[in-house]
Structure formats: structure tokens, C-alpha cells
Amino acid sequence: MTRDAAIALAERHFDEGLFQAQLATLVEYPTESQNPEQRPELSRYLKQAMLPRLEALGFACTIHDNPDPRGGPLLVGARIEDPSLTTVLTYGHGDVSRAQTDQWRQGLHPFRLIEEGDRLYGRGTADNKVQHLVNIAALEAVIAARGQLGFNIKIVIEMSEETGSPGLAEFFTAHRDDLAADVLIASDGPRLQPDVPTMFMGSRGGVTFDLLLELRDGAHHSGNWGGLLADPAMILAHALTTICDRRGQIAIAEWRPDSLTPPVREALRGLPIESRDGPAVDHDWGEADLTPVERAYGWNSFAVLAMTAGVPEAPVNAIAASARATCQLRYVVGTDPDDILPALRRHLDAAGFQAVQIIAHDRGFFHATRLDPDHAWVRRVAASIQRTTGKPPHILPNLAGSLPNDSFADILQLPTIWVPHSYRGCSQHAPDEHVLKPVCRDALRVMTGLWWDLGGDTAAR
């Protein structure tokens, strides 16, 4: 059979409703890794939803305990057709973010797949169950059409990505030989536009921390003590304004990367940043001499995620005793991750805010990674996608968000290619998470064509 015949099998798999039914089954597993009560579901997802399907596809699979007690189990599988062939490693995560059940729109439920027009609602529809389901279904289509892949494939499915992938780096270090491959090709994150496939070759890293200022024990009456007691919220607000100016430009020299090189800027030039399904971009926010797409994918961004003093839901007439801000730096290659918080400490001290404490969060976060957009594997994957869709994909040096790409790039030393199957308006990590049916169908076509091409196109198109 031909490449077109394999793609037609994948299209029929979607058009006859089989793909949607399979996604519905996966969504029904309440695999919230951030919820300790759902920990048994993490193992159940691997044993019941993944293991039988992968074994039927010819994978030899093992489910491993996580070396970190905070993390969930991991499934590793391999289908080796010939050790002399190219070996591809792929990846997915079966855990989902918190359900937030009471915040979903009426008629929706996080663990039931609900169809409304072109949208399929449910937790994990975008992140990440649909994404590894697409890739597995595309493998099945190629094997059904050709009888083999023509390359070797290994797979890792973890169950702790939403808690920072605890234990993943240790597991990869211990199982480096088992996971040896020539390239990582996996799927997570959104397309830049729903109707154009996207590739990215790394991700921004992230560090989350609290800034805490504690001035005294207990609050004191604002009439009796106002003007006499220092206000921690005011002081902390001024400390924050030394980190960024009023348009969000970072003032800490060590937080300003040196990696936005001419080739990276050229790769980003012309890529879309506005979205019909998201908020309007504030063009007067962020680094003034960068374009919006350069700010999102080629630069660092600082954000205050939450800030409190006193009791906001029940304020009283009192000078607060303390103030706290939860902050985050998303950073690109070219930023020293080991110097992010020390640099902040030096900066605050120099500005006179020695009393402000920096408290790092214990949630794991991923280091920044990036592959040269002109790498041979990037060109090969992009050519396959263009062959299937008739148009070039959007190519990003790295994702604006974070994912555990550092374990693949740094520990396994692999070139890393990500082909996402969602879109930016998918409400990932929020109530009403969903995926678009046209994106799913197109992704099945793209991945079937890619798997076919990696095995060598021995038949005429």
C-alpha cells in the first residue's frame, strides 16, 4: 500500500468515530497527579489504557515505579524491527492538571468527553491524552498499511508531568541505555494557528518562588498605627518594581539572555502571535525593542502570579504584618539557571530590600532547551509535514511554555522535535479544556505521513 493509503486509513479512523470514542475512554480516567486522592488512577491508566494497546502494536513494555516517591509510575516500551534501523523515541504524559470540576461550564464535566460542534471538551483532551493518542493511532495506520514501520520506536509515558516530572531525570539517567535513540519526536503544547502544523525544538525553562516580607507579629489598627508602622505590602510592591519597569522590561542583568541571535530572530520572523481565541496582545508590554513573537519565544518574562497582604476576602482596618508575592521567571537558553535566584538576591540587596526573603518552590521545573532550527532532523520532519499538508509548518526554536525536554536533550543527548496537536485557545490547565476536531484529524494525517516517511517511502505516492 502507498503513503496516501496509510493516510486514508487514519482519516477513516477519525471519520468513523473510532478516534473520538478512544479519546472518550482516556478522558474518563481521573488522572490528576496534583491530587493525592487520585494516585491509584495513575497506575490504572498505564495498566488498562496504554499497556494492552501498545502490546497489540508490537511493543515490549514495562511499567516502572518512579525513583522519586513524589512521582507517579512510568511506562517504557520498545518495538525493535531491526537494530540497524533508525530508532525514534516518543513520549506522552497521561496525568492531567487539577480537575476544577465546580468551575466548568454547565453541561460539561472534566472526566466526560462532551462534543459541541468542532470542540471536544474534557480534562486531557488538549494536554496530553489526545496528543499521544494521535501518535499511537498514526503508528497503527502505518503498520496496517505497510505491515511494518521501517524504523524502530521506543515510547515513554509518564504520569507526573503536571507536578514537574519528579524522578524523570533520575529515571532517564538510570535507564539511558534502554532509552537510546537517534531522535525524539513527540507531541505536547499548542499550534500557533489551528490550521497550520507547528514544530518546536525545545522549551523555555521556569523558576517559581515567593518574595516574603515579614515585619512584625500580628496586624495593628490602621488608625492608631497608620503612619507609624511600615506597610509590608507597599515595601514589597516597591521591591517588585525594581525587577521590572512599568512595561515589564527586566532590570536584572543576569536575567537578560544573550541567545536571541540573528539566526533565531530570523527563524521567528513573521510567525503569528495574535490569536482569534485568546486575549489581545498588549503591544506596549515587554521588551520595547523586540517584536511580540521575539518576547514570547526568544526572551525571558517575569510575572507576579499572586500577591497578598492581610486577608483580601475579609479586610480589616489594620496594618498588615507581612506581605507575600508568588513570582515566576520563564527563561530561554542563554540564562544561567543556577544563578537566577542568587542574582535576584544580589539585586534586592543592592536596592535596599535586604529584608525581603526569597523562598524557592519545591515543585520541579524544567531547564531551557533549544535545537538549531536548521538541524537536519528539523528539515526532515518539516519536509514530511509539508508533503502531507501542502504548506510549510510554523517552526519555533522553542516553546514559550515549559516541558521536560531537558531530560531528552541533556541526559539522553537527543535532537528533539515536538509536533503539537492542540491550539492556543484550548483552555489548557483551566476549566472547559477542549481540543478541536479538525486539528485532531489533521494531526492524524500529519503524523501518519511522518511515520511513513521515517520508514522509507518505497512505494509510489
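Two strands pair if DSSP finds at least two bridges between them. Helices (H or I, at least four residues) and strands (E, at least two) are DSSP runs, numbered from the N terminus. The model here is predicted: local features need pLDDT of at least 70, side-chain atom pairs count only at pLDDT 80 or more, and totals for chains, interfaces and linings use all residues. Residues are numbered from 1 along each chain as its sequence is written, and side-chain values use heavy atoms, with hydrogens and water left out.

Start with strand β10, residues 205-214. Nine of its 10 residues are buried, meaning under 20% relative accessible area, where over 50% is exposed and anything in between is partly exposed (1.4 Å probe, protein chains only). β10 pairs with strand β14 (residues 322-331) in the antiparallel sense, over 10 bridges. There, Gly206 faces Arg330 of β14 as its opposite residue. β10 also pairs antiparallel with strand β15 (residues 357-360), over four bridges. In that pairing, Leu211 has Ile358 of β15 as its bridge partner.

Now move to an open sheet of three strands. Its order is β4-β5-β19, with antiparallel pairing. β4 (114-116) and β19 are the edges; each has a single partner strand, so one side of each lacks a neighbour in the sheet. From one strand to the next, the twist averages 25°. β4 and strand β5 (residues 119-121) run antiparallel and are joined by three bridges. Glu115 stands opposite Leu120 of β5.

His434 sits in strand β19, residues 434-436. Its relative accessibility is 1%, so His434 counts as buried. Its side chain reaches the backbone oxygen of Asp432 at 3.0 Å. Leaving aside residues up to four places away in sequence, His434 touches several others, including Arg119, Leu120 and Tyr121. Contact here means heavy atoms within 4.5 Å.

Helix α13 connects this sheet to the next topic. α13 lies across β4, β5 and β19, at about 60° to β19. Axes are lines fitted to C-alpha atoms, for helices over the stretch in contact, and angles run from 0 to 180 degrees between N-to-C directions.

Helix α1 (residues 3-15) packs with α13 (residues 437-454) at an angle of about 150°, the axes 9 Å apart. That makes α1 roughly antiparallel to α13, a label for angles over 145 degrees. Residues making the contact include Ile7 and Phe14 of α1, with Leu444 and Trp452 among those of α13.

Key. A polar contact is a pair of N or O atoms within 3.5 Å; within protein, one must be able to donate a hydrogen and the other to accept it, and residues adjacent in sequence count only if both atoms are side-chain atoms. Angles under 35 degrees count as roughly parallel, over 145 as roughly antiparallel, 65 to 115 as roughly perpendicular and the rest as oblique.
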